[in-house]
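Here is a short report on the model shown below.

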Protein chains: 2
Amino acid sequence: MRYAMVVEYDGTNYAGWQRQKNAVSVQQKIEEALEIVLGVKTIIYASGRTDSGVHAEGQVAHFECEKELNTRRTTYSINSLLPSDIKLQNIFSVAPDFHAQYSAKRKTYVYRSYVNECPSPLKDRFYARILPPVDVEKMKRASKALVGKHDFKAFCSTGSSIQSTVREIYEFNILERDDEIIFEITGNGFLYNMVRIIVGTLYFIGKGKLPETAIEEMLSTGKRKLGGKTYPACGLCLKKVEYIDAD
Amino acid sequence: MRYAMVVEYDGTNYAGWQRQKNAVSVQQKIEEALEIVLGVKTIIYASGRTDSGVHAEGQVAHFECEKELNTRRTTYSINSLLPSDIKLQNIFSVAPDFHAQYSAKRKTYVYRSYVNECPSPLKDRFYARILPPVDVEKMKRASKALVGKHDFKAFCSTGSSIQSTVREIYEFNILERDDEIIFEITGNGFLYNMVRIIVGTLYFIGKGKLPETAIEEMLSTGKRKLGGKTYPACGLCLKKVEYIDAD
């Protein structure tokens, strides 16, 4: 039997999703709890890694299990073993060929930020703080170039060994509320640090450190150095992964 | 010269606002930073205490200072000495007779909760989790009895030695968003644990553990035992304190 789980986590204290030798990861914590509940070592496969310090509201992972599970009871059992910053939202049975990564059709990330001279203790865990002033209208205009199918090579940190850097962005929204600026981005997939580089480049445009055409130039030339810096992990959150084709 | 400060804090790791002998308080942390910056021991007076674990977006406190301050620079200096879970939003000069507690006209508290079977790592620091089901319409109807000038004796934890238990509630709103239920309450003052008892009683009504008339009965009899339990501190946040008469 194959099962999938939806996981929410506060990534602050973890070295990211993926298991590592010398650091504690979200995957390790869940696999340890799963082994206790199922009585057998079980590997989980996520929709994708999240970096150190990145959060998730709806990470999805699948695993194989020989016996049939009472999914609700198993969710409770695993949650009772997990630390307070990692919790399953549910477990459900999936088709034998379901794969959390390869079957994913759309992913949505949220990047939370606020523009303020003073730090906010109630926000700093899940938001990046930006110093004023920022021209949000400029950022909104510049962000339009992101939507569609493009080669996002310039929005990828070196060190990734991915084959194709072409991705499609379905939606990109910038929402303002009080001093908050929230970026919401949906696409068929994301390169290493892609969202954080997009947000960093938009902020550099909004602060006048880069021209409004920077995004278009990055897309046409593939040059990472034409963009802004990679913005902090704490603002980023994997909101949801969708598996049903939107067509 | 008298100055006031607006303070935001994540109360999770503090024994409340007020200085205590054997525990770390928010007041102590700010006074320690203030002493370094001003070069002299300085006591700060808040609009009121907040309990252990309670947060604040807009706590107000005043202090006396012999020299004239560059308020912006002083804010930065103090913030650089404060831990990341306590930060000043600003400092401003006030009249010599201004008192953070006695001059306050209106206070607004927010109580954040969410209704879900599974814990949410992204919310648990600032929200109380409630198990479904809950009848929110019942809670909304019952909450109407709170607005106005009443003797809130039944909404006060024992151990407080206050003289009058009459308070006026100006506004009470219950907002729903996804699985969240947010209570926002504005009044001329609040008794010890008053907001947490109000929320606990409303939830008991929403869960059918208390009749819809419980609030009215508490107000007319003054009996604490007719209400629900005192709900957790983590959901409570002092949103703002207002000093200009709204009339």
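A residue counts as buried if 20 or more other C-beta atoms lie within 10 Å of its own, as exposed if 12 or fewer do, and as partly exposed in between; the C-beta atoms are placed from the backbone. The model is predicted: local features need pLDDT of at least 70, side-chain atom pairs count only at pLDDT 80 or more, and totals for chains, interfaces and linings use all residues. Residues are numbered from 1 along each chain as its sequence is written, while chains are lettered from A and ligands numbered from 1 in the order in which they are written.

**Overall build**

Chain A has five helices and 10 strands. Helices (H or I, at least four residues) and strands (E, at least two) are DSSP runs, numbered from the N terminus. The C-alpha atoms of chain A fill a box of roughly 60 × 40 × 35 Å along the principal axes. Of the 247 residues of chain A, 36% count as buried.

Two residues are in contact if their C-beta atoms, placed from the backbone, lie within 7 Å. Among contacts in chain A with a separation of 6 or more, 70% come from residues 24 or more positions apart.

Two packed helices are described by the angle between their axes and the distance between the axes. Here axes are lines fitted to C-alpha atoms, for helices over the stretch in contact, and angles run from 0 to 180 degrees between N-to-C directions.

| Helix pair | Axis distance | Angle |
|---|---|---|
| α1 (26-38) and α2 (71-81) of chain A | 9 Å | about 125° |
| α3 (136-143) and α4 (194-206) of chain A | within 8 Å | roughly 130° |

Angles under 35 degrees count as roughly parallel, over 145 as roughly antiparallel, 65 to 115 as roughly perpendicular and the rest as oblique. α1(A) is therefore oblique to α2(A). α1(A) passes α2(A) in a right-handed crossing. A crossing is right-handed if the near helix is turned clockwise from the far one by less than a right angle, and left-handed if anticlockwise. On α1(A), the contact uses A:A33, A:L34, A:I36 and A:V37; on α2(A), it uses A:T74, A:S77, A:I78 and A:L81. These residues divide into six nonpolar, two polar and no charged. Ala, Val, Leu, Ile, Met, Phe, Trp, Tyr, Cys and Pro count as nonpolar, Asp, Glu, Lys and Arg as charged, and the others, Gly among them, as polar.

α3(A) and α4(A) are likewise oblique to each other. Their crossing is right-handed. α3(A) supplies A:V136, A:K138, A:M139, A:A142 and A:S143, and α4(A) supplies A:L202, A:I205 and A:G206. The residues of this contact are five nonpolar, two polar and one charged.

**Contact between the chains**

The contact takes 20 residues from chain B and 20 residues from chain A. On the chain B side, the elements that give two or more residues are β1 (2-9), β3 (55-64), α2 (71-81) and β4 (86-94). Which of them gives the largest share? β4(B) does, with four residues. The chain B side divides into eight nonpolar, six polar and six charged residues.

**Loops and local backbone**

A:Q101 lies in the loop between β4 (86-94) and β5 (106-115) of chain A. With 15 C-beta neighbours inside 10 Å, A:Q101 is partly exposed. The C-alpha atoms of A:Q101 and A:S47 are separated by 3.8 Å, though the residues are 54 apart along the chain. Not counting residues up to four places away in sequence, A:Q101 touches A:Y45, A:A46, A:S47 and A:G48.

Most residues other than glycine have a negative phi, and most peptide bonds are trans. A:D178 has a positive phi, near 50°. A:D178 lies in the loop between β8 (166-177) and β9 (180-187) of chain A, and is exposed, with 8 C-beta neighbours inside 10 Å. Phi of A:N193 is also positive, near 70°. A:N193 lies in the loop between β9 and α4 of chain A, and is buried, with 21 other C-beta atoms within 10 Å.

A cis peptide bond joins A:P132 and A:P133, with omega about 0°. A:P133 lies in the loop between β6 (128-130) and α3 of chain A. In chain B, the bond from B:P132 to B:P133 is cis, with omega near 0°.
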